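Let's walk through this structure together, one region at a time. Have the sequence and the model open side by side as you read.

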Amino acid sequence: PSCFGYPLSIFFIIINEFCERFSYYGMRAVLVLYFKYFLQWNDNLSTAIYHTFVALCYLTPILGAIIADSWLGKFKTIVSLSIVYTIGQAVMSVSSINDLTDQTQDGSPDNIPVHIALSMVGLILIALGTGGIKPCVSAFGGDQFEEDQDKQRSRFFSIFYLSINAGSLLSTIITPILRAQECGIHSKQRCYPLAFGVPAALMAIALVVFIAGSRMYKKVKPQGNIMVQVSKCIGFAIKNRFRHRSKEFPKREHWLDWASEKYDKRLIAQTKMVLKVLFLYIPLPMFWALFDQQGSRWTLQATTMDGNFGAIQIQPDQMQTVNPILIIIMVPVVDAVIYPLIKKCKINFTPLRKITVGMFLASLAFVAAALVQVQIDKTLPVFPTAEQSQIKIINLGTDNASIKFEPELGHVDVMSMQSTGYMIFETSQLQSLSITSGNKTKLDVIKLPGGKRHTLAVKNNEVDIVVKQLLDNVTSKPEEGNNLIRFINNLPDPINVTMGETSFGNLASLSDSNYELFPGGRQDNITVVRNSMTCSCISKSFGFGSAYTIVINECSGGNLRVTYSEDIAPNTVHMAWQIPQYFILTCAEVVFSVTGLEFSYSQAPSNMKAVLQAGWLLTVAVGNIIVLIVAGASKLSEQWAEYVLFAALLLAVCIIFAVMAYFYTYVDPNEIEAQFDEEEKNQVKKDAEFYEKVAEADSQM
């Protein structure tokens, strides 16, 4: 059966690919944040495990191709590995349910190792599944066409590539939204089970759709794997060359010619072409090392930025959608506009030059990322070292106050109802404070523990100057764009404070509450109960990633008067500043990865495509391993420096590649194939003539 001149079975394959890519990219989009916030790993471990997983996903395709070609056939391989894959996604979803081990019902899992074990099992199954079917699905699609349907086949591959990007685009928009929801049985938490569960469901759908088309597929019998043949041929050549290493054996033109005792000339010639291309692949992993950090380092960078786009609030993991959106726009634009323009300028933009430009652009993108990081670092709070203390003064009185830090470490004036920023002192030096407010002065001996932040609440009441020392136990900027809020009671009576859904309990006069966490970017209702009278007001918006102290100054007649003191500034660098680096990296991807595969296919015989695809995917795997090594070995404390390091490494590799490309000579595999065909024909002709002569001689005897 056919439809628009295409075999009907194709539509099942395309829908299947869309669901599978949705499932994979959706899971991958939230993965690094799942490690960081749910499994509570630090940035470096999260990045390391993320890249280990991606590397695995690109190593397993080689396995998949060999299983399909030598043993099960493509159809059975796709079905059986899809089942493994679906189980993996389901396990991943279960591993992220915090109520699984949350006996205390406090909203965080009590037994983290259980969750880690489950998610590692899930990730290994997913890597086996997604990697194993990757080389089979597109090839299986190609198998569905007849010999004369070349045009339809190439159109199919474009639609196939589009469905990959559509799947990844939709999932990178949707799964972060699901993650940002609150869900849970005992306590409401970020909804990772949903963010992993939807990809699992889609994988199940992909499997069902694929099996549904079973009757229509053209199933080609497994014909033995070309990769295995090529490896054997290379292995034999090396072994044979080693056996004949002494001087008396004549040299051969190419070391692969030592395989000619056992393998035919055609296979050897094809293998030579393949090795020539694979040699050019050696520098390529460095590109992927940078490219795949979109899902790890760049997403972590976005968590320290402001995602408020007016009407919509962008999640840090949604910034990755910039890539597939731009890909869908850029691929046609580059093909239809940019390349023709370059041609008009009489520049010969060869495939290898395109790849070189791609590398250069990716390295630029990381310079851009480093510049953004420097801006972010400026906004991050400075915390005291072990020998330092930080002090901030809040004046709760109606008179202005002047504070001297003794012995002679400076002084500060604080207006009524105002506060200072944090001031840093060497803990050993600061001994006392002299406070003047109104017409009173008070000397206060002070002993602070090192390495902490403190707030001193100063109030001049009728009788005396009251000094309350409060410990601010915030040691880092709030994560995920959340805000930390605490209250100080500046009324003479005890009060009960609630903000939004969160109760801060009872506060005595001039005492402070603990900090509580609130989602960023929204305004909540503050309610105060004082002597059975209730007052309320709407809070200001605290932005993202800030910490505030709110002072309750007046509660009468239902009206509440508060002042705000900023303890940690909100994220001020806007997420839109990440767009330039994403844009440059996407341009790099368009000229690099699209060209890379086309170039490889044009330089090797058609039956060797599987070997090249395996080699190409291997470069992605190695690239992810490079991230592990560089990030682990560099010991750079500054994130911007690591970005610059990666940019420099890629630039160096880019120069090496440019030199290799300069010495590369393009070949036309079809011509070489034609020569062999010609030789074979001649050989058959010669043989026929020879037998004729023999027959003639026979008859004459």
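A661 lies in helix 15, which covers residues 639-662; helices (H or I, at least four residues) and strands (E, at least two) are DSSP runs, numbered from the N terminus. With a relative accessibility of 16%, A661 counts as buried, where buried means under 20% relative accessible area, exposed over 50%, and partly exposed in between (1.4 Å probe, protein chains only). Look for R353 as well: A661 and R353 are 308 residues apart in sequence, yet their C-alpha atoms are 7.7 Å apart in space.

A word on the ground rules: this is a predicted model, in which local features need pLDDT of at least 70 and side-chain atom pairs count only at pLDDT 80 or more, while totals for chains, interfaces and linings use all residues. Residues are numbered from 1 along each chain as its sequence is written, and side-chain values use heavy atoms, with hydrogens and water left out.

Now step back to the overall layout. The chain is divided into domain 1 (1-223), domain 2 (264-379 + 574-667) and domain 3 (388-568), with bounds that come from an automatic or database domain assignment. Taken over C-alpha atoms, the centres of domain 2 and domain 3 are separated by 50 Å.

Next, turn to the surface. A nonpolar patch there is formed by L56, L59, L63, I124, L128, L618, V622, I625 and I629, which together have about 690 Å² of accessible area. Such patches are made of residues with over 30% relative accessible area and no salt bridge; nonpolar side chains (Val, Leu, Ile, Met, Phe, Trp, Tyr) are joined within 5 Å, and like charges within 9 Å. The areas themselves come from the Shrake-Rupley method with a 1.4 Å probe, and for residues only the protein chains shown count as cover. Which helices supply at least two residues each to the nonpolar patch? They are helix 2 (43-72), helix 4 (112-143) and helix 14 (609-634). Helix 14 gives the most, with four residues. I629 is found in helix 14, and it counts as exposed because its relative accessibility is 53%.

There is also a patch of positive charge on the surface, where K232, K239, R243 and K262 gather. The place of a charge is taken as NZ of Lys, CZ of Arg, CG of Asp or CD of Glu. R243 sits in helix 7 (residues 226-243) and is exposed, with a relative accessible area of 53%.

Let's move on to charged pairs. How many salt bridges does a search of the whole structure find? The search finds 17, a salt bridge being a side-chain nitrogen of Lys or Arg within 4 Å of a carboxyl oxygen of Asp or Glu. One of them links the side chains of R252 and E261 at 3.0 Å, N to O. R252 is partly exposed at 30% relative accessibility, and E261 is partly exposed at 47%.

Another salt bridge pairs D472 with R486, with the closest N and O atoms 3.1 Å apart. D472 lies in strand 14 (residues 465-472) and R486 in strand 15, so the pair ties together parts that are 14 residues apart in sequence. D472 is buried, with a relative accessible area of 2%, and R486 is buried at 1%. Strand 15 (residues 483-489) also holds L484, which counts as buried at 13% relative accessibility.

The side chains of R530 and D493 meet in a salt bridge too, at 2.6 Å, N to O. R530 lies in strand 19 (residues 525-530) and D493 in the loop between strand 15 and strand 16 (495-499), so this pair ties together parts that are 37 residues apart in sequence. Both R530 and D493 are buried.

Finally, some backbone details. Most residues other than glycine have a negative phi, and most peptide bonds are trans. A cis peptide bond joins E406 and P407, with omega about -5°, and P407 is in the loop between strand 8 (401-406) and strand 9 (411-414). N531 is not a glycine, but it has a positive phi of about 50°. N531 lies in the loop between strand 19 and strand 20 (533-538) and is exposed, with a relative accessible area of 55%.

Notes:
Lys and Arg count as positive and Asp and Glu as negative; His and the chain ends are not counted.
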